[in-house]
Amino acid sequence: MDLPTKQGQIKIGGKQLDIVCTKFGSTLFIFISEFQKIGTLLEVTADAVLHQPNSKFIFSVKTLLGKDDDLTHTIGRSIAGHITERTRQPGCILLALGLKTNPDPSTLSQILTQLDSFSVWSELSS
């Protein structure tokens with residue numbers, strides 16, 4: 001079975017980050033790491049508030065491994081929100097974060113912008 005995958009490296013704030021995005025079924029796996037290791041693994045689920053076109057999404061975040069704090073959950077929601085803005089589809093994202101420190105808002109914004117070049121989520125609606 002061939003899974004749609006895109007991977008590469010980006011440099012933000014002098015830090016080299018490895019990114020891997022893989023789609024399997026209706027689930028996405030997103031790996032963002034400075035260490036080439038999974039630090040924290042989150043399961044972020046996006047559900048539509050109303051099951052109508054252009055409805056808003058709510059996100060539930062569950063820590064499967066690693067750091068379980070509010071800021072990490074906020075980062076997970078931000079990444080999931082960025083992706084669901086593009087897909088307009090509810091679903092599950094497994095998010096692996098291997099970062100020394102939590103990114104500040106400017107760094108997170110740069111990561112979100114760079115994530116678009118690794119998009120495998122455009123195939124989610126197919």
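Student: With which residue does R86 form a salt bridge whose closest N and O atoms are 3.1 Å apart?

Tutor: This is a predicted model, in which local features need pLDDT of at least 70, side-chain atom pairs count only at pLDDT 80 or more, and totals for chains, interfaces and linings use all residues. Residues are numbered from 1 along each chain as its sequence is written, and side-chain values use heavy atoms, leaving out hydrogens and water. A salt bridge is a side-chain nitrogen of Lys or Arg within 4 Å of a carboxyl oxygen of Asp or Glu. At 3.1 Å between the closest N and O atoms, the salt-bridge partner of R86 is D116.

Student: How many residues apart are R86 and D116?

Tutor: Helices (H or I, at least four residues) and strands (E, at least two) are DSSP runs, numbered from the N terminus. R86 belongs to helix α1, while D116 sits in the segment after α2. The pair therefore links distant parts of the chain, and the separation is 30 residues.

Student: Which residues are linked in a network of salt bridges?

Tutor: The structure holds 2 salt bridges. Besides the pair with D116, R86 meets the side chain of E85 at 3.4 Å, N to O. The linked residues are E85, R86 and D116.

Student: Is E85 buried or exposed?

Tutor: Buried means under 20% relative accessible area, exposed over 50%, and partly exposed in between (1.4 Å probe, protein chains only). R86 at 39% is partly exposed, and D116 at 31% is also partly exposed. E85 has a relative accessible area of 56%, so it counts as exposed.

Student: In what order do the strands of the open sheet stand?

Tutor: Strands of a sheet pair through backbone hydrogen bonds, either parallel or antiparallel. Here two strands pair if DSSP finds at least two bridges between them. The sheet has 6 strands with mixed pairing, and the order is β1-β2-β3-β6-β4-β5.

Student: Which strands stand at the edges, each with a single partner strand?

Tutor: An edge strand has one side left without a neighbour in the sheet, because it has a single partner. The strands concerned are β1 (5-12) and β5 (57-65).

Student: How many bridges join β2 to β3?

Tutor: β2 and β3 form a hairpin with 2 residues between them, and G25 in the turn has a positive phi of about 65°. The two strands run antiparallel, with T22 standing opposite F29 in β3. The number of bridges is 7.

Student: Which residue is the bridge partner of G8 in β2?

Tutor: β1 and β2 pair in the antiparallel sense over 8 bridges. Their hairpin has 2 residues between the strands, and G13 takes a positive phi near 60° there. In β2, the partner of G8 is I19.

Student: At about what angle does helix α1 run to β5?

Tutor: Axes are lines fitted to C-alpha atoms, for helices over the stretch in contact, and angles run from 0 to 180 degrees between N-to-C directions. Helix α1 (residues 70-87) lies across β3 (27-33), β4, β5 and β6 (91-98). Its angle to β5 is about 130°.

Student: Which residues touch the most other members of the largest nonpolar core?

Tutor: A nonpolar core is a set of buried Ala, Val, Leu, Ile, Met, Phe, Trp, Tyr and Cys residues joined through side-chain atoms within 4.5 Å. β1, β2, β3, β4, α1, β6 and α2 each supply at least two residues of this core. I79 is in contact (heavy atoms within 4.5 Å) with residues including L95, L97, L108 and L112, not counting residues up to four places away in sequence. Of the 25 core residues, those that touch the most other members are I30, I32, I79 and L115.

Student: How many disulfides does the structure hold?

Tutor: A disulfide is a pair of cysteine sulfur atoms within 2.5 Å. For C21, the nearest cysteine sulfur is that of C92, 14 Å away, and C21 is in no disulfide. C92 is in no disulfide either. The number of disulfides is 0.

Student: What is the relative accessibility of C21?

Tutor: C92 is buried, with a relative accessible area of 18%. C21 also counts as buried, and its relative accessibility is 0%.
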